[in-house]
Amino acid sequence: MALNYYKNELKENAQLLASKGKGILAVDESTKTVGKRLAGIGVENTEENRKAYRGMLFTTEGLGKYISGAILFEETLYQNHRDGESMVKKLNDLGIIPGIKVDKGLNPLPGGGDVETFCSGLDGLVERAAKYYEQGARFAKWRAVLQITNDGCPSKLSIQENAWGLARYARSVQESGLVPIIEPEILMDGDHTIEKTAEVQEEVIKQVYIACQANGVFLEGTLLKPSMTVNGADCPTKADPMKVAEMTIRTMERCVPASVPGIVFLSGGLSEEAASVYLNNMNTLYRKALWNVSFSYGRALQHSCLKAWKGSDVEGGQKALISRAQANSEASKGAYVAGSQPSSDEQLFVAGYTY
């Protein structure tokens, strides 16, 4: 099959993922990373426990009212729920589109700075994506990571390499019918100001779309998953929530083509409450482009849920998940009242975070 064969389907699915009032649940943590989360609640990292946790998420009644898609780790895409039905069917029954993380992780970038990486996984990606499509996935995710440092990172090499990798990934999975979520993350590590973040992020996202154009990516069948435009975690001057919203929207307007149907922000270590408040503020601002501005959160949707579940409390876990999903749904419409839903204001930032 070729991209032209899937164009209508890609556009339709991208629009469904970017439905107003809905966002994406990122539950694509690697086995090692989910193990750290489980260890935090005293649960052993076994396949059975991973299945139980994710099965709890995917049987939350009413979740499809607030969540349009769920990004899965490969294990989960091929897994069955404890009751014997596939995880894919559980999501479909909720009206949630299954997606899949397709990158193979970060590697040191030869010629780059000490903290600079590139994302691997392009070899055989068209064929892998076709198998994921056959299993029921309809969108994909690939994460590029850049870091701002005082010695000049991200370098031009890093920006170009990661932009090209994102574009090649996007075109590759579109060839097999998957909507690509394009994720150029700017880490919060560092003491840089919000103005510096905006400067770097503009250049990064512009280069991503230049690379997408060169590779013939069908933008109407894509979503963008950027980090919010925030100051570094160690910056002594903290931007207030409204400034974060204003700078983030300004950055997006300067870089993101209007043909992209949706921007789904990652939480990037923000607390659950901050992630909702910042998103809500963005959706109270006038903007020129009509993209749906929403969320694709992992930690900011699962933190309270995981603690409530504790390994066995399905009802408690699902109650916490639906509360955060509703809060972020409201935020994606500019209607969230801070503190109106149970949440944690615990900072989730981890320096040097990998997943």
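Here come some exercises on this predicted model, each with a worked solution.

**Exercise 1.** Work out how helix α9 and helix α10 are oriented to each other, and which residues make the contact.

*Solution.* 
- Start with the helices themselves: α9 covers residues 241–255 and α10 covers residues 272–282.
- Next, take the geometry: they pack at an angle of about 55°, with axes 8 Å apart.
- Angles of 65 to 115 degrees would count as roughly perpendicular and angles under 35 degrees as roughly parallel, so α9 and α10 come out as oblique to each other.
- As for handedness, α9 passes α10 in a right-handed crossing.
- Now pick out the contact: α9 brings Pro-241, Met-242, Val-244, Ala-245, Thr-248 and Ile-249, while α10 brings Val-277, Tyr-278, Asn-281 and Met-282.
- Sort these residues by type and you get eight nonpolar, two polar and no charged.

**Exercise 2.** Find the residues that touch the most other members of the largest nonpolar core, then look at what surrounds Val-102.

*Solution.* 
- The largest nonpolar core has 102 residues, and the ones touching the most other members are Phe-58, Ile-67, Val-102, Tyr-169, Leu-178 and Val-256.
- Helix α8 (residues 194–214) gives the most to this core, with seven residues.
- There's also a second, separate core of six residues, including Ile-148, Ile-159, Ile-186 and Val-204.
- Back to Val-102: setting aside neighbours within four places in sequence, Val-102 is in contact with Leu-125, Arg-128, Tyr-132, Ala-140, Lys-141, Trp-142, Tyr-169 and Val-173.

**Exercise 3.** Decide whether Ser-267 is buried or exposed, and list its contacts.

*Solution.* 
- First, locate Ser-267: look in the loop between β9 (262–265) and α10.
- The cut-off for buried is under 20% relative accessible area.
- Ser-267 has 6% relative accessibility, so it counts as buried.
- Leaving out neighbours within four places in sequence, its contacts are Ala-275, Tyr-297, Gly-298, Arg-299 and Ala-300.

**Exercise 4.** Name the buried residues of helix α2 and say what they pack against.

*Solution.* 
- Within α2 (residues 31–39), the buried residues are Thr-33, Val-34, Gly-35, Arg-37 and Leu-38.
- Their packing partners are α3 (47–57) and α11 (299–309).

**Exercise 5.** Check the backbone at Pro-154 and Lys-310.

*Solution.* 
- Pro-154 sits in the loop between β6 (139–146) and α7 (156–174).
- The peptide bond from Cys-153 to Pro-154 has omega near 5°, and it is cis.
- Lys-310 belongs to the loop between α11 and α12 (314–331).
- Its phi is near 55°, a positive value in a residue other than glycine.

Conventions
Residues numbered from 1 in each chain as written. Predicted model: local features only at pLDDT ≥ 70, side-chain atom pairs only at ≥ 80, totals over all residues. Heavy atoms only, no water. Axes fitted to C-alpha atoms, helices over the stretch in contact; angles between N-to-C directions. Helix = DSSP H or I, 4+ residues; strand = E, 2+ residues; numbered from the N terminus. Parallel < 35°, antiparallel > 145°, perpendicular 65-115°, else oblique. Left-handed = near helix turned anticlockwise from the far one by under 90°. Contact = heavy atoms within 4.5 Å. Nonpolar A, V, L, I, M, F, W, Y, C, P; charged D, E, K, R; others polar. Core = buried A, V, L, I, M, F, W, Y, C linked by side-chain atoms within 4.5 Å. Buried < 20%, exposed > 50% of the residue type's maximum accessible area, 1.4 Å probe, protein only.
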